Structure formats: C-alpha cells, structure tokens
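Welcome! Please take a look at the sequence and structure shown here, then try the exercises below.

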Amino acid sequence: MNRIDELFKRKRESVLSIYFTAGYPELNDTVHIISGLEKAGADLIEIGFPFSDPVADGPVIQASSHRALENGMNLDILFEQLSGIKATSSIPKIMMGYFNTVYQYGIDHFISKCATSGVDGVIIPDLPPEVYEREYRQLFEAAGLHVIFLVAPQTNPERAEYLETLTKGFLYRLSMSGTTGNAIAGDETWGKRSNGKPVLIGFGIHDHATFELACRHANGAIIGTGFIRHLATLEEDRLSKKKIDGRKKDRETKERSEDRGREIAEICKGFIQKIRS
Amino acid sequence: MSKSKYSPDSDGYYGEFGGAFIPEMLVPNITELRENYLKIIESDEFIKEFHHLLRDYTGRPTPLYFAKRLSEKYQTNIHLKREDLNHTGAHKINNTIGQVLLAEKLGKKRIIAETGAGQHGVATATVCALKGLECVVYMGALDVQRQAPNVTKMKMLGATVVPVESGNKTLKDATNEAMRDWINHPDDTYYIIGSVVGPHPYPDLVARMQSVISYEISLQLNTHIGRSFPDYVLACVGGGSNAAGGFYHFLENPAVKLIGAEAAGKGIDTPETAATLALGKTGILHGSKSKLIQDKYGQVIEPYSISAGLDYPGVGPLHSYLQSTGRCTYIPVTDQEALDAAMELTQLEGIIPALESAHALALLSKQKWNRSHHMVIILSGRGDKDMDTYSKYFSHESH
C-alpha cells in the first residue's frame, strides 16, 4: 500500500505536510531536513526540486529555488540523497516541481527513480490533468506512484469533480487564488470533501492559527513558505569559509555534517511545535 | 483565415508543439479566453473597430516599398514591408490594439504585460491610454536601466512599470512575473502577451492579430507586380510575432519560401546566443511546449543578443512546428551581421531599422538570389530605440 494512503487510513485529522526546496539552504541539507521533520512529527514531506522559472511561486520559494540551483542541485543528486535515507526514513514523501525538469529527465526515468528512492507521490502544478490522463497516467499508476492534483477556489464545480476523481492519495485544495506565500482568510468551502478522498489545504498556511483554521475545514494542511522562511534563519556554511586542513577534512566534514544535522533538527522541532502547539 | 493545417488543434497544438501547460490557478482565465476569443475577434463589431483603429490610429496599411538600390546590390527584387511606420514604431501595436478590444469585450478593467526592450510595453501602455484602462508593465530591472527612453514613454502614457528583480532581470523573468500577477488577480485582469508564445490560445490569437501584415502584402503585391504572393518572405524571429504575421497568409502556398532570422548573438558555437531553433530542445516554458534553450536538467539558460527584442530563450510553438515540417527555414544571424545590415539599409535606402529587423536584412548576404524573384522583408520596427547601441558600434568602427 502506498504510504500516503496508509497515513490517511491511520490519521484523518490535523495532518501536517511540510514543503521544502531541495538544495536550500545548502546542497546537502536534504537528508537533515527530512529526518528533522520526521522526528519532529510532520506527517508528510513535500520535496521541491528547483526550476529556473517557478511561475506558481511567490518570492520566498522563488529565492530558495534560485539558491538551490546555484548550490548545484539537480534531480540526479536529489535521487541519490533520497536513496541514501530510504532504509531509515519511513515518512511518506512527495516530489514537487515543474514539468519541464521532469520532461527533460525523461518521464520513465523520473518514475523509476522515484520508485527506487522511496518517493510515494508527485505534484507537478503545470502538468495539465488532461495531458496527464492521456499520456502519463498509466506509467505513474503502474509504478504505484500517486499524482496529486490541485483545485483552486475559482475552479468550476464540474472541473473540481474531475480533478477530485483523478487525484490519488489526497486532494490539494488552494486556500486562495494566488502564488505561494500570500495571506489568507478562512473559507467555509474548504471543508468540501468528495469521493471520500482526504483534502489538504495549501497556500497561505504559515502558523498555528492558520493551521487550526485549515484543520477545522479539512484533514490537514501544507506549509511551504512559512517553513522556508524559518530555514532562512539558518547560518550560512561556516566551515566552508574556513580553511580546512586537508588531512582533517574528512573528519571535520563528518563532524560538520553532524552539527548541521543537529542544528536543522532543532529548527524543525521548533517549527513543528509552533504550528501544532 | 479559415482553419488550415497550420492552425492549432482544439487543444492548441501545432503538431507536437503548443498546448496549455499552466497551473490550475490560471485555468479559469485561459478557459474564458479560449472559449471566447474566436467568437469575439470574428464578430462584425470587433472587425469594424479593429480596422478603424488600425487605419486611423496606427496608420495602416503600412507601405510596401520597393527598395531599388538594395535590389540592385543583391540582384533581385526586394520589397520592404514598412511596419516601422506604425504608430509607436513597430508591428507590436497591431496585437495590442486587437487584444485591448478583446479585453474590453471580456469586461476586464486592468491590463498587464511583459516587455523586454520596451516596445511591447509602450504599445500596451499606448492602447491602455487610448481606452482609459489601468496598465501594469513588468520589465526586468536590467532592461529598465538599459531602455530608459521606453520606460519614460510608458510612464507618460500612465502605465505603472514594475522592475523585476528575480532571476536574471530580463524578459524571461518579466514574463514569469506577469504570469504571477495574473495568478494573483484572477478576476479583473487581462494579460496582453506580446508575442506568439504562452499557453493556448495566445499563440493563435497573436498570430491572427499580426496576420494583417501578410494580408496587406498580398494586396499590395497584386497592385505592384500583378500577383498576390512573393517568392520569399524574410523576417526576424524572437518569440516570432512579426514573422508569424508576415508568413500567415502564405503558409499554404508552397510557391512562397519562408525564412526566419534568429539572433545568434556572438555565434551559435558560443554560450552568448539566442538561436532557439538552431540550438534548443523541446521543453515547456511560459505555458507551452516548444523549442527551448536549456541545460540537460531542463533549467532555462539565459539567452544573449545585441537586440533586446530577440533575447528570449524560447520561441512560439508555431515556429517550432514550421521548422519541424520543413515549411520554414530558420537561419542564425550574428550581432555583427545585423549591425552591418542595419548600416547598409540606412546608407542605401535612408531607412534606419530596428536591430531586430536588421537580423532579417542580414539574410540577404547569406545566399545568391534570382534576378527575377520578388522577396518581401518585414521591417518590423524603426531604429530610434537602438541609437545608443548604434552609436557605440560606430564609435568603435571609426577607431
């Protein structure tokens, strides 16, 4: 059974999904962030793979993507990082990014890498559901990979029904129309559940109050921008600024990685506590 | 023009290129446009108003000028389609007039646009002033610095010019930001895209608005030479709107050879180039599938050309299709070749072309032409905006 389905079978209330951009703040933070979030009590993780032109994102996620690319992040590195924690991490993971990066990587290649790296689902905001259904659905389903679709507030009811039928795992309902990182007000229509599929609210959820608001109306919520802002408080790479003695390098790199892991774990813990409090 | 094999299908595809790769938030806006654009632009009321403004406001039809001295030099018959004589100095206004009328009919109160060199921004600000509509133009912060006169024009026309600080701060980033604005203003805002790019139906819509160019060429040639089509049409291609308009009515006539000039920048074997059709791979940017300059991981590579109107990493899906079927040929032209061609036209015919249009003129020296053939070169814009670049070039040449 797909771990996203297992999660919702076990838990129907206050499900918390956290988004982060892989390769930000540093190239090798991916594993630290995933294990930090998992220990801190997140239910789901959305791993953003960066694109040069993220049109659906606001300034905070844009900047993190830009930085991640400067740090050298790409899909080969990311899948390698994910494979490395496959044995020790059991939290359901969703890959999120723009279609061109998946298209260039090769759809088949992308799917098989997801399957072997412990990825449970995929969100591609600019892949039209009609194209997905016609050209790619069979490939994703054959690999047991859930593709999750978004519904916007102004999506008409007929189309919303189509998206709700097509989505697997849960439905990603936008709290408002806009790019990521904007403010929200509550909306009774969020609560609408259909086909018995779970609903998570995304965009504009950033603190305890907005998370509570979303959880009153749906099965839980997704936080991206708020978490990236929190990560931005992390210090820049300190050791890279120091001259490292060649012979000590390996040991120091390992120590540094452990320090970094502890630091990120603290940040994740603090953030999740603040949201759940 | 009625449905042809060069019109997109109902999902907006030209062969494998085109479509509408947009996030869900934009689906209602794009659906509204897709369901209404043909109904509106084919209505008698729209056609009447569009042609009235093209004639009395823009100054159409633009002349088709037989360039005698240039023709002698290249031993053929060269006709220049003078889009540079349009109000605001380029073909861009054909499209903005059409789209602002469409926006009005859809009841939109606020207009947004992206711009690179500022020509499309000025053409959009102009029609918004004409119609009393709010206008916001997104322009890369670097371009705001480089194209100060056009920024002043847009501000005089009442537009808000938003400098875009993301990415490399040029046209691609301005387009991203305009799309984000549209996502954030789903109800009252209309996005006037400036070229045959973007999600369906924009490539088709803009091509139709610009098709007035080839329509007029056809009528004018009939008067001048007694037949309604040339042997060649030559045009420059960035996104590809003046080429789409100049080719449009000749696409189904195999007797007409169609050649596009892409910006090679410093050369297609250098990283400083914008020759998408020569170098690009199929990819998805700004809502459609087309050729795209990108790295192996699909990250878009910032293009370069001396001409700010041609340094776009993508190209309209129609052109990718026309290239793939062999209907059109696209040839890269370097900065230097374009500058030389601009100088040549200026001295032989007394016409200073825009740097973009100079790329089309540079095709003349790339092959031998037949003495009896007739060719049309689309002179898409005038050179006023490029005087800084020209003056740097000539001060360099004179040393």
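This is a predicted model: local features need pLDDT of at least 70, side-chain atom pairs count only at pLDDT 80 or more; totals for chains, interfaces and linings use all residues.

**Exercise 1.** Find how many residues of chain A are in contact with chain B, and work out what kinds of residues they are.

*Solution.* Start with the count: chain A brings 29 residues into contact with 26 residues of chain B. Next, look for the elements behind the chain A side: α3 (59–70), α5 (99–105) and β6 (150–151) of chain A each supply at least two residues. Of the elements, α5(A) gives the most, with six residues. Finally, sort this side by type: 16 residues are nonpolar, 11 polar and two charged.

**Exercise 2.** Describe how domain 1 and domain 2 of chain B meet.

*Solution.* First mark the domains: domain 1 of chain B covers 13–54 + 92–206, and domain 2 covers 59–89 + 210–397. Their centres, taken over C-alpha atoms, are 22 Å apart. Then count the contact, which takes 38 residues from domain 1 of chain B and 34 residues from domain 2 of chain B. On the domain 1 side, the elements that each supply at least two residues include α4 (92–105) and α8 (171–184) of chain B. By type, that side has 18 nonpolar, 15 polar and five charged residues.

**Exercise 3.** Where does the largest nonpolar core lie?

*Solution.* Begin with its members: the largest nonpolar core has 197 residues, and Val137(B), Leu234(B) and Ile377(B) have the most contacts inside it. Both domains of chain B give residues to this core, so the core lies between them. To finish, zoom in on Leu234(B): leaving aside neighbours within four places in sequence, its contacts include Ile259(B), Met375(B) and Ile377(B).

Definitions and conventions: Residues are numbered from 1 along each chain as its sequence is written. Chains are lettered from A and ligands numbered from 1 in the order in which they are written. Two residues are in contact if their C-beta atoms, placed from the backbone, lie within 7 Å. Helices (H or I, at least four residues) and strands (E, at least two) are DSSP runs, numbered from the N terminus. Ala, Val, Leu, Ile, Met, Phe, Trp, Tyr, Cys and Pro count as nonpolar, Asp, Glu, Lys and Arg as charged, and the others, Gly among them, as polar. Domain bounds come from an automatic or database domain assignment. A nonpolar core is a set of buried Ala, Val, Leu, Ile, Met, Phe, Trp, Tyr and Cys residues joined through C-beta atoms within 7 Å. A residue is buried if 20 or more other C-beta atoms lie within 10 Å of its own, exposed if 12 or fewer, and partly exposed in between; C-beta atoms are placed from the backbone.
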